Amino acid sequence: MYSKTNIFSFKEDPSKIKAGSVLVSEPFSRDPHFSKSVVLITEHNDKGTVGFILNKPVKMALSDIMKDFPNIDTNISIGGPVETNSVHFIHTLGQQIEGTKEVNDVLFWGGNFKKLQQLVSLGLVDQRHVKFFIGYAGWKPKQLETEIDNNYWKITNLQNTEILDNDPRMWYNTVSRFGEAFKPWLNVPENPAWN
């Protein structure tokens with residue numbers, strides 16, 4: 001049986017959180033939305049934090065969600081439990097999309113949706129450039145810092161190509177890079193009662 005004291009001996013500095021940071025959940029999350037999740041932070045300030053779960057892919061086309069959107073082979077993920085009737089996107093198109101927010105040097109969040117539709121219609125955008133989310137993850141001011149202090153999240157970074165991918169094994173693959181101290185995380189069953 002796994003105990004928290006054995007596999008939660010890491011300590012993160014909440015001040016390291018910024019746009020572009022990636023959070024990896026500890027394996028015992030009681031919130032099913034964040035169980036074994038990898039979250040990209042797109043905004044972090046004194047008003048709170050916004051992010052998107054990267055590794056909860058859905059098997060549907062964007063046109064199933066948005067009837068007027070042009071056909072595009074792209075990645076869609078459940079972004080989080082907030083406003084699950086909304087669609088969001090991250091991309092590498094930079095200032096081609098008016099109103100976008102910079103996440104890091106290459107990655108951007110949101111912007112003019114009609115402009116994105118136009119670029120897709122022209123065949124200038126594919127899944128290497130954009131990833132869509134249903135809903136998002138949000139934290140009130142200081143809420144995420146408290147969760148980090150309680151060892152709910154490990155902070156890391158990922159390559160932009162990994163972020164835009166829809167790999168359901170992203171959590172496992174990312175934790176595998178953390179070294180020996182985190183190996184027990186990889187062996188935690190989906191339901192610890194099964195152990």
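Ser 86 makes contact with Phe 133, Ile 134 and Gly 135, once neighbours within four places in sequence are set aside. Ser 86 belongs to strand E5, which runs over residues 82–91. The model is a predicted one. Its chain holds seven helices and nine strands.

**Ser 86**

- Ser 86 counts as buried because its relative accessibility is 14%, and the cut-off for buried is under 20%.
- The side chain of Ser 86 meets the side chain of His 88 in a polar contact of 2.8 Å.

**His 91**

- Strand E5 also holds His 91.
- The relative accessibility of His 91 is 0%, so this residue counts as buried.
- Its side chain has a polar contact of 3.0 Å with the side chain of Thr 100.
- A polar atom of the His 91 side chain also lies 3.1 Å from the backbone nitrogen of Leu 93.
- Beyond four places in sequence, the contacts of His 91 include Ile 97, Thr 100, Val 106, Leu 107 and Phe 108.
- Trp 109, Gly 110, His 129 and Val 130 are also among the residues that His 91 contacts.

**Aromatic pairs**

- The whole structure contains twelve aromatic pairs.
- One of them joins Phe 69 and Phe 132; the ring planes stand at 80 degrees and the centres are 5.7 Å apart, so this pair is edge-to-face.
- Phe 69 and Phe 132 are 63 residues apart, and their pair links distant parts of the chain.
- Phe 69 sits in the loop between helix H2 (62–65) and strand E4 (75–78), while Phe 132 sits in strand E8 (residues 130–139).
- Phe 69 and Phe 132 are both buried.
- Phe 89 and Phe 113 also pair edge-to-face, with 5.5 Å from centre to centre and 65 degrees between the planes.
- This pair, too, links distant parts of the chain, with Phe 89 in strand E5 and Phe 113 in helix H3 (residues 113–121), 24 residues apart.
- Phe 89 counts as buried because its relative accessibility is 3%.
- Phe 113 has a relative accessible area of 21%, so it is partly exposed.
- Phe 69, Phe 89, Phe 113 and Phe 132 together make one aromatic cluster.

**Charges over rings**

- Lys 154 places its charged end over the ring of Phe 178, 5.1 Å from the ring centre.
- Arg 169 places its charged end over the ring of Tyr 172, 4.6 Å from the ring centre.

**Nonpolar cores**

- The largest nonpolar core has 24 residues.
- Leu 40, Leu 54, Ile 90, Ile 163 and Val 175 have the most contacts inside this core.
- H6 gives the most, with three residues.
- Leu 54, leaving out residues up to four places away in sequence, touches partners including Val 38, Leu 40, Ser 77, Lys 131 and Phe 133.
- Leu 158, Ile 163, Asp 165, Asn 166 and Met 170 are also among the residues that Leu 54 touches.
- Another core, of 15 residues, lies apart from the largest one.
- Phe 69, Phe 89, Ile 97 and Val 125 are among the residues of this other core.

**Asp 46**

- Asp 46 is placed in the loop between strand E2 (38–45) and strand E3 (48–53).
- Its relative accessibility is 67%, so Asp 46 counts as exposed.
- Asp 46 and Lys 140 are 94 residues apart along the chain, and their C-alpha atoms are separated by 8.9 Å.

**Overall shape**

- A compact globule of 195 residues would have a radius of gyration near 16 Å, and the chain agrees with this at 17 Å.
- The C-alpha trace spans about 55 × 35 × 30 Å along its principal axes.
- Of the 195 residues in the chain, 49% are buried.
- Among contacts with a separation of 6 or more, 64% are between residues 24 or more positions apart.

Terms used
Residues are numbered from 1 along each chain as its sequence is written. This is a predicted model: local features need pLDDT of at least 70, side-chain atom pairs count only at pLDDT 80 or more; totals for chains, interfaces and linings use all residues. Side-chain values use heavy atoms; hydrogens and water are left out. Helices (H or I, at least four residues) and strands (E, at least two) are DSSP runs, numbered from the N terminus. Buried means under 20% relative accessible area, exposed over 50%, partly exposed in between (1.4 Å probe, protein chains only). A polar contact is a pair of N or O atoms within 3.5 Å; within protein, one must be able to donate a hydrogen and the other to accept it, and residues adjacent in sequence count only if both atoms are side-chain atoms. Contact means heavy atoms within 4.5 Å. Rings of Phe, Tyr and Trp (its six-membered ring) pair if their centres lie within 6.5 Å; planes under 30 degrees apart count as stacked, over 60 as edge-to-face and the rest as tilted. A charge sits over a ring if NZ of Lys or CZ of Arg is within 6 Å of the ring centre and within 35 degrees of the ring normal. A nonpolar core is a set of buried Ala, Val, Leu, Ile, Met, Phe, Trp, Tyr and Cys residues joined through side-chain atoms within 4.5 Å. The radius of gyration is taken over C-alpha atoms; the globule rule is 2.2 Å times the number of residues to the power 0.38.
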